[in-house]
Amino acid sequence: MERRLPGTGEIYRHFKNKLYQIVAIAEHSETGERLVIYQALYGAYKVYARPLTMFLSEVDRTKYPDVPQKYRFEQVEPGDLDQDGAGERRVQADQSAQMDRNQKQQQEVPIHASAAETAETEEVSVPESEAGADPKLLEFLDADTFLEKYQVIKSMENEITDRLINDFAVVLDVVIPEGSLQQRYTQLKQCVATMCRYETARLR
């Protein structure tokens, strides 16, 4: 599968019909894995990180047979958001208001220079072995709230691995120290539970 690398400022639609704007392509400081940093264009405008291979992957047709999109995220031109141009004006306003925020955020994110500079034209080949990510990890990434994410992790007690814990930690932007598998799993659950409590308190 060959898809163009997402470019900074571009708008993408998730298959659940929510819009996001690309902030940057970053490189994980420990593993070297490329991540897509993107911001929601709704609600609290949260910023998320997702492995590039997952960002470019196709929708799981077994789990979501009725979704019209082929890919998990698909690029949307601002003028295509609606007929009267209001969507385009909203996106342009979001882009202008967000420029300063993006500059500050990018100073804190270890961006891979060559990936960022070639974002407009680079083609990415996603190996099938990487595209076939763990279903539970994809379910975690697609969860809309931290409560749903916590429930996904809790359901994995008998199938959790160090690799999955590392993947979850990357997505959550937290560090789970080395130790026994059970200790790391407990720490991961505690991190998500804390985020869940914060999210619940904020929404009150």
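Q: In which strand is the place of V47?
A: V47 has its place in strand β5. Strands here are DSSP runs of E with at least two residues, helices are runs of H or I with at least four, and both are numbered from the N terminus. The model is a predicted one, in which local features need pLDDT of at least 70 and side-chain atom pairs count only at pLDDT 80 or more, while totals for chains, interfaces and linings use all residues. Residues are numbered from 1 along each chain as its sequence is written, and side-chain values use heavy atoms, with hydrogens and water left out.

Q: Why is V47 called partly exposed?
A: Let's set its value against the cut-offs: buried means under 20% relative accessible area, exposed means over 50%, and partly exposed lies in between (1.4 Å probe, protein chains only). V47 has 39% relative accessibility, so it counts as partly exposed. V47 and I22 are 25 residues apart in sequence, and their C-alpha atoms are 9.5 Å apart in space.

Q: What makes D142 count as buried?
A: Its relative accessibility is 4%, so D142 counts as buried. You will find D142 in helix α5, residues 135-142. In that helix, L137, L138, F140 and L141 are buried as well as D142. The buried residues of α5 pack against β2, β5 (47-51), α1, α6 and α7.

Q: Which residues does D142 touch, not counting residues up to four places away in sequence?
A: A contact means heavy atoms within 4.5 Å. By that rule, D142 touches H14, F15, K16, R50, Y64 and R72.

Q: How do you know that R72 is buried?
A: R72 has a relative accessibility of 1%, so it counts as buried. R72 lies in the loop between α1 and β6. Its contacts, leaving aside neighbours within four places in sequence, include R13, H14, R50, M54, L138 and D142.

Q: What makes F15 and Y64 an aromatic pair, and why is it called tilted?
A: Rings of Phe, Tyr and Trp (its six-membered ring) pair if their centres lie within 6.5 Å; planes under 30 degrees apart count as stacked, over 60 as edge-to-face and the rest as tilted. The structure holds 11 aromatic pairs. F15 and Y64 are 4.7 Å apart centre to centre, with 55 degrees between the planes, and form a tilted pair. This pair links distant parts of the chain, 49 residues apart: F15 is in the loop between β2 (11-14) and β3 (19-27), and Y64 is in the loop between α1 (52-55) and β6 (73-76). F15 and Y64 are both buried.

Q: Why is the pair of Y20 and Y38 called edge-to-face?
A: Their planes stand at 80 degrees and their ring centres are 5.3 Å apart, so the pair is edge-to-face. Y20 in strand β3 and Y38 in strand β4 (residues 34-40) are 18 residues apart, and the pair links distant parts of the chain. Y20 and Y38 are both buried. They also belong to one aromatic cluster, together with Y12, Y42, Y48, F55 and F73.

Q: How do you know that the charged end of K149 sits over the ring of F140?
A: A charge sits over a ring if NZ of Lys or CZ of Arg is within 6 Å of the ring centre and within 35 degrees of the ring normal. The charged end of K149 is over the ring of F140, 4.7 Å from its centre. R3 lies over the face of Y71, at 4.0 Å from the ring centre.

Q: What puts the buried residues of α6 on the same side?
A: In helix α6 (residues 146-154), the buried residues are F146, K149, V152 and I153. They cover an arc of only 115 degrees around the axis, and therefore lie on the same side of α6; the arc is that of the directions from the helix axis to the C-beta atoms.

Q: What makes a set of residues a nonpolar core, and which residues have the most contacts inside the largest one?
A: The residues must be buried Ala, Val, Leu, Ile, Met, Phe, Trp, Tyr or Cys, joined through side-chain atoms within 4.5 Å. The largest such core has 21 residues, and F140, I153, I160, F168 and L188 have the most contacts inside it. At least two residues come from each of α5, α6, α7 (162-172) and α8 (181-203). Helix α7 gives the most, with six residues. A second, separate core has 12 residues, among them Y12, I22, Y38 and L56.
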